[in-house]
Structures are given as C-alpha cells and as structure tokens.
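Please look over the sequence and the model shown here before reading on.

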Amino acid sequence: MAGSRLTTMIFVGMLLGIAVGYACSITWPDPQTAKEIAGYIALVSDVFLRLIKMIIAPLVFSTLVVGIAHLGDTASVGRVGGKALLWFVGASFCSLMLGLIMVNLMQPGHNLNLPLPDAGAGTGLKAASLSLKEFVTHLVPKSAVEAMANNEILQIVVFSIFFGVGLAALGEKGRLLAQGIEGVADVMLKVTGYVMMFAPVAVFAAIAATITTQGIGVLITYGKFLVEFYIGLGVLWVLLMGVGFLMLGAGGIARLFNLIKEPFVLAFSTASSEAAYPKMLTNLEKFGVPNRITSFVLPMGYSFNLDGSMMYCTFAVMFIAQAYNIPLSWGQQLTMLLLLMVTSKGMAGVPRASLVVISATLSHFNIPEAGLLLIIGIDQFLDMGRSATNVLGNSVATVAVAKWEGQLSTTDQRLDHVGTVASPAE
C-alpha cells in the first residue's frame, strides 16, 4: 500500500510540475530570468539526487560484498557473473539493433522543418574520453576510497568483487565481518526509505524547472521525434516483457511489473536510474530473487546493461544523419552498431553519458557534431524514457540470471524458508 501511495504521489508531482513550469514559462518569458527561477526550483531535485548519490556507494559496496560472500566460492561468482555478462551483451545488441530498425522505419529526421545548427557550433561535450583504452584503464580503481567518493559504480563493483571473494575465502574467520557489512546494508536500506519519502517533491521540482526554461512548446516542436522515440521504447518494453513472460508466465510477469512499477516511475520522473536502484534491490528480493543474486547482478547491470540508453544511441545518431541528409549504408550502420557495443560500456559514471557516446560516434562517421544541438534541448524528456527502460531491462536481467541459476523462489517458497534465508548458514 505504501509503495502504491508513493507511485501516486510521484504522478501527482509530475502533473503539478508541468502546470507550475508552464505558468512560470509564460509569466517570465525572458530566457535569462526563466533560467534563474528554474535554478531555484531545481534546488529541490538537486538535493534529492545528491541524497541518492550519498547512499549509492555504501549500498552497492555492502550489498555486493554480502551477495558474493553468500555465493560462497570463486566458481559460483564466476558462473553467475558469466551468465549475467552473457545476458547483458545479448540485450545490448538487441537494443541497439531495435533502435536501428525503428529509426529506419520511422525516419524521424527526414523533412525536418527546423533550422540546422551551424556545422562549426560547439556542443561542450568531450568525446575523446570514451576510447577502449580509456575504458579498460578506468575499469580498475586507483583507490577504493576515490571510487566511492566519485560514485564510480563500475570501479566500486570491481573493488567489491575482489573484497567479497577475499571475504568468502576466509570462511569462518570472515563471518563476523560479513555480518557487520550485512548490518551496514540493512542500515542503508532503512536510510533509503527515508530518502524516498522526498521523491514526489523532487519530481515536481525537476519537471517544473525543465518546463520553465524550455517551455511547453518544446514538446510540440520536437513532438514527432519524441513520439517516435517513445514508440521505439514501447516496442523494447514489449520485447522485454515478452522475454519475462516466456520465463515466468503471465502471472509472474504481472507480479514483477507490479513490484517494479514504483522504481520504474521514479526513474522516469527523475530521469535518473540511480534514484531507482535502492527500491529495485528490495522489490526484486520481494519477488523471490535471492539477495546474493540481486546484490551481485544489479550493480553490474547498472554498468553493462543500459538497454534504454543503448537504443537511444543508434536512434539519435541516425536521426541527426537524416536531419543533415547524410545517407549511411547498411554496412556503415552495422559498423556503427558494433562501435557502440564497445564505447557504450564506458557510459556508467560519465555525466550526460549518452550524449558523449553519440558525439564520439558522429565524429567517427563525419556527421557534424553540432547536430547534437537539435536534441540537447529535449534530452531531459528523452532521458526519462531511457532511465525507466534501464530499470525494466535490469529487473528482467536479474530475474533471468536467478532463474538460470535455479534460485528464483515463488512467494510461497519464500514464506516457507524465511528462517533459512536469515540464518548464518546461508
């Protein structure tokens, strides 16, 4: 009931945010004034996202270490990690390919009646930092403390895996420390509950600030691109739910979606997958995924399984190419897909990551990077859909790995084994 109430409040916050943002945009039409007012409104959502960032590092570390310790041995960690990565690669390829197919079918960039930006215009994005070499060296943290201070999820995952494997290898000697870290995870989940109470107000502020600066008219001007992109996301949602249906049946997938609708709406309204992470962790466990699987697979998914962001990359690159009337052969498009399979894996922890990846891809195919200016203005609205899709994709992925491992429990089984799950013998 509490989750349903929070979801309703988030929707109310979104609607109020649109109304207040529209009122502000017509009351203060001057861009500079609107920007100042939006800055004050956005303080609320900025504080909320900072609170989320505050709890992400200790939550990922503690839950992942406990999950690995519960897996018990290096072979189990390697087996679960291998299955997760196999799923992530397959899902990434499907998401990229679907984006490519949808953008070729709908052609959102053709006959664009908008003035194109000057080819020499700057976008303010640094694309050179996403090479394969940079990604591999960035993978391993120089310092675990630095990684946590900067909320580098991928680096935290790498450190936590080493720490968790080492802790599991200690056996009985490490049990006391494992229990202490498990206590930290419980505390962070409790803190998460307090932070989530602030979510509806933060959603209101985020939407209101965006509409204040961009105006409601931006949704009309870019309506075709927005609608067609969300149609593409809708197809991806149906595909993900279809995979879930094959694994779980109609009742199972309905129950899963009912449990993840709150983090899904939260990610959509705040345009932040991170905001939904803590709720996904607890709700997937409610569904029947063991803590040791959830806490291991989910952080990896946040680095390697960004289905919505992947689809957006191919969709946006092709949209800009169409807007400039630059034809790309199917061979070039497949090359672009393979390039994005590699470069997009460095997205985790990079500000405005999708735009940076797109910028790097545009330059590779000699498409003017200034075309990004066509979509930067509506990136907030696009990011809402991407973030929500990432939540759905990672939820299905985590359930799939648990099912693959034969460790997905039904509700009845979980009620029968509450004591087993809580016991030190796990």
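Over residues 229-254 the chain is 100% helix and 0% strand, with 25 Å between the C-alpha atoms at the two ends. The structure is a predicted model, and these residues form one of the spans that an unreviewed UniProt entry lists as "transmembrane region", the others being 47-72, 84-106, 153-170, 191-223 and 310-330.

Ile320 deserves a separate description. Leaving aside residues up to four places away in sequence, Ile320 touches Ile358, Leu362, Ile367, Pro368, Gly371, Leu372 and Ile375.

Helix 13 runs over residues 307-323 and has 17 residues, and its reach from first to last C-alpha is 24 Å, close to the 24 Å expected at 1.5 Å a residue. Because 17 of the 17 residues of helix 13 are buried, this helix is largely enclosed by the rest of the structure. Just after helix 13 comes Asn325, which takes a positive phi of about 55 degrees.

Most residues other than glycine have a negative phi. Gln107, which is not a glycine, likewise has a positive phi, near 50 degrees, and its place is in the loop between helix 3 (74-106) and helix 4 (132-139). With a relative accessibility of 23%, Gln107 counts as partly exposed.

Is Tyr277 buried or exposed? Tyr277 is found in helix 11, residues 273-287, and it counts as buried because its relative accessibility is 1%, under the 20% limit that applies to buried residues. When residues up to four places away in sequence are not counted, Tyr277 touches Ile56, Leu59, Val60, Thr63, Leu298, Pro299 and Tyr302. Tyr277 and Asn394 are 117 residues apart in sequence, while their C-alpha atoms are 9.9 Å apart in space.

Key
Residues numbered from 1 in each chain as written. Predicted model: local features only at pLDDT ≥ 70, side-chain atom pairs only at ≥ 80, totals over all residues. Heavy atoms only, no water. Contact = heavy atoms within 4.5 Å. UniProt positions renumbered as here; feature names shortened; annotations may be inferred. Helix = DSSP H or I, 4+ residues; strand = E, 2+ residues; numbered from the N terminus. Expected span 1.5 Å × (residues − 1). Buried < 20%, exposed > 50% of the residue type's maximum accessible area, 1.4 Å probe, protein only.
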